[in-house]
Amino acid sequence: MSSLEGHTNSVSSVSFAPDGKTLASGSWDSTVKLWDTEAGSQKCTLEGVRFCFCDGGYVATALDRVVR
């Protein structure tokens with residue numbers, strides 16, 4: 001087991017992509033980070049969002065009661 005570090009506040013949600021190769025983590029620091037699960041590295045950061053859900057290649061995020 002390994003740790004993925006990068007958020008500056010508590011993680012509020014996590015979701016794996018259907019292929020298991022990407023993990024999305026949403027945090028109270030108002031970011032969603034996408035992680036490469038095989039390499040254990042961060043792929044990108046989405047700012048101004050807090051919660052995430054992966055489904056079929058899409059990432060849904062929300063902070064202000066609007067899903068993007």
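Reader: What share of the contacts in the chain with a separation of 6 or more comes from residues 24 or more positions apart?
Author: Happy to start there; this is a predicted model, where local features need pLDDT of at least 70, side-chain atom pairs count only at pLDDT 80 or more, and totals for chains, interfaces and linings use all residues. Contact means heavy atoms within 4.5 Å. Among contacts with a separation of 6 or more, the share from residues 24 or more positions apart is 22%.

Reader: Which strand has the lowest confidence?
Author: Confidence here is pLDDT, the predictor's value for each residue from 0 to 100, and its chain mean is 80. Strands are DSSP runs of E with at least two residues, numbered from the N terminus. Strand β4 (residues 41–47) is highest at 91, while the lowest, at a mean of 61, is strand β6 (residues 58–62).
Author: Asp 29 sits in the loop between β2 (22–27) and β3 (31–36) and is buried (under 20% relative accessible area, 1.4 Å probe, protein chains only).

Reader: Which residue has its backbone nitrogen 2.8 Å from a polar atom of the Asp 29 side chain?
Author: Side-chain values use heavy atoms, with hydrogens and water left out, and residues are numbered from 1 along each chain as its sequence is written. Not counting residues up to four places away in sequence, Asp 29 touches His 7, Thr 8 and Asn 9. The backbone nitrogen at 2.8 Å belongs to Thr 8.

Reader: What is the phi of Ser 30?
Author: Ser 30 also lies in the loop between β2 and β3. Although Ser 30 is not a glycine, its phi is positive, at about 65°.

Terms used: Helices (H or I, at least four residues) and strands (E, at least two) are DSSP runs, numbered from the N terminus. A polar contact is a pair of N or O atoms within 3.5 Å; within protein, one must be able to donate a hydrogen and the other to accept it, and residues adjacent in sequence count only if both atoms are side-chain atoms.
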